[in-house]
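Please read it alongside the sequence and coordinates shown below.

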Amino acid sequence: MPDPTQEGHVNHAISRRTALKSAAGAAATAGLAKMLGGPAPAAAAESTPVISTERTKIVILGSQGGQNLTQVTGTALRCGTSVLIDVDGFVTVLDCGCGSTHRIAEAGYDLNRVNKVLITHCHADHIIDLGSIATLSWSSGRNGGEPDRRLKIYGPTGVDAYMRHFRKGLAMSIADQEGPLGQVPTFDKYARWHEFKPPRKAKKVYSDGHIDIRTIRVKHGSVPAVGYRIRTPDVDMVFSGDRGAVGDTFPQFAKGAEVLFHEIIDEDLVVRTLTAQGAAPTFIEHLINDHCNPATVGQVATEAGVGTLVLNHLIPGNPALTDDYWRALVAPHYSGRIIVAKDLMVV
Ligand SMILES: [Zn+2]
Ligand SMILES: [Zn+2]
């Protein structure tokens with residue numbers, strides 16, 4: 001049974017203090033100790049974009065999986081998982097992990113420009129900022145500047161419940177903005193929520209001349225979850241969301257895409273660390289069963305035949321783990337280009 005709190009616990013468990021303690025102990029390998037003890041890379045944009053094109057720009061807003069902030073002194077935080085896709089100026093945000101609202105602005109986008117939000121599932125690390133994005137993008141176009149603009153939100157079972165409770169919690173603020181402050185359109189006119197049941201066969205979510213979005217169910221414990229395939233005029237991408245190694249048809253769904261964004265868990269490090277901490281075996285099994293280890297991620301990329309694999313939703317999100325470290329875990333299983341996501345990276 002997936003438990004978002006516990007999922008976050010793993011990253012918390014591999015905080016600096018724990019990691020250093022672990023590195024000093026017998027359980028840690030010499031290589032790991034070196035990695036965690038050495039200078040850490042900043043979580044900032046790097047290198048030349050290889051996926052983005054003239055019409056399509058892809059920005060990593062948040063690169064970490066799990067419900068926590070993995071803080072290592074002297075390094076930049078990774079925000080919760082989120083990717084921005086800008087096609088001809090129309091902006092789609094895929095998942096809304098913690099901090100993604102701020103990252104949109106940091107990436108140079110007015111929140112007013114977000115047209116669509118896609119949610120893969122309702123674990124907190126994918127949805128916690130959705131209310132912020134919906135509300136602040138609504139406010140960004142306030143006072144009738146663009147009364148016809150709308151925000152479309154798509155996601156699997158659970159999204160409606162999130163909306164209802166969020167809407168209720170913010171009722172006083174929304175009523176004030178719509179009433180005395182004169183904001184138009186109303187929040188309910190502005191934010192259009194579209195919940196769907198995860199489909200076993202690929203299903204169209206949205207399509208226009210700029211973007212074509214399809215979805216399929218993925219197996220992520222008992223939580224309704226989906227992956228997405230997004231085609232723009234010049235890029236064909238697929239996004240795994242969170243999923244286990246077995247129990248879905250995602251690898252077939254991904255076939256023929258140019259780029260695969262896949263979540264990843266460093267199984268060996270997580271198992272070693274949590275075992276040393278005395279975590280319940282059922283909890284460890286859950287983490288491993290409902291996410292993909294490096295070998296599986298590489299195999300899915302190979303099977304799909306993609307030219308580029310982007311590792312995102314990193315567990316742990318410890319910024320002291322270098323790009324080379326992550327690449328070395330996957331490289332034996334995939335021979336294409338591997339990009340390790342970092343916040344605000346244009347890929
Ligand atoms: Zn997650
Ligand atoms: Zn999840």
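Strand S9 is mostly covered, with five of its six residues buried. The model is a predicted one.

Pairing of S9

- Strand S8 (residues 212-217) and strand S9 (residues 226-231) run antiparallel and are joined by six bridges.
- Within this pairing, Ile 216 has Gly 227 of S9 as its bridge partner, and Ile 213 is partnered by Ile 230 of S9.
- S9 is also joined to S10, by four bridges, and these two strands run antiparallel.
- Ile 230 stands opposite Met 237 of S10.
- A hairpin is formed by S9 and S10, with four residues between them.

The sheet

- S9 belongs to an open sheet of seven strands with mixed pairing, arranged in the order S7-S8-S9-S10-S11-S12-S13.
- Strand S7 (203-207) and strand S13 (337-340) are the edge strands, each pairing on one side only.
- From one strand to the next, the twist averages 25 degrees.
- Helix H13 (residues 294-304) packs on the sheet, where it touches strand S11 (259-265) and strand S12 (308-315).
- The direction of H13 makes about 165 degrees with that of S11.

Helix H11

- Helix H11 (residues 267-276) has Leu 269, Val 270, Thr 273 and Leu 274 as its buried residues.
- These residues lie on the same side of H11, because they cover an arc of only 110 degrees around the axis.

Asp 242

- Asp 242 is placed in the loop between strand S10 (236-239) and helix H10 (250-254).
- Is Asp 242 buried or exposed? Asp 242 counts as buried because 28 other C-beta atoms lie within 10 Å, where the cut-off for a buried residue is 20 or more.
- Leaving out residues up to four places away in sequence, Asp 242 touches Thr 120, His 121, His 123, His 220, Ala 225, Glu 263, Asp 290, His 291 and His 313.
- His 262 is 20 residues from Asp 242 in sequence, and the two are 8.1 Å apart in space, C-alpha to C-alpha.

Nonpolar core

- The largest nonpolar core has 88 residues.
- Those that touch the most other members of this core are Leu 84, Val 93, Val 117, Ala 254, Val 259, Leu 260 and Leu 311.
- Leu 84 is in contact with Val 59, Leu 61, Val 91, Val 93, Ile 104, Ala 107 and Tyr 109, leaving aside its neighbours within four places in sequence.

The chain as a whole

- The secondary structure of the chain comprises 14 helices and 13 strands.
- Of its 347 residues, 49% count as buried.
- Among contacts in the chain between residues at least 6 apart in sequence, 71% join residues at least 24 apart.

Technical notes:
Residues numbered from 1 in each chain as written. Chains lettered and ligands numbered in written order. Predicted model: local features only at pLDDT ≥ 70, side-chain atom pairs only at ≥ 80, totals over all residues. Pairing = 2+ DSSP bridges. Axes fitted to C-alpha atoms, helices over the stretch in contact; angles between N-to-C directions. Contact = placed C-beta atoms within 7 Å. Buried ≥ 20, exposed ≤ 12 C-beta atoms within 10 Å, placed from the backbone. Core = buried A, V, L, I, M, F, W, Y, C linked by C-beta atoms within 7 Å. Arc of directions from axis to C-beta.
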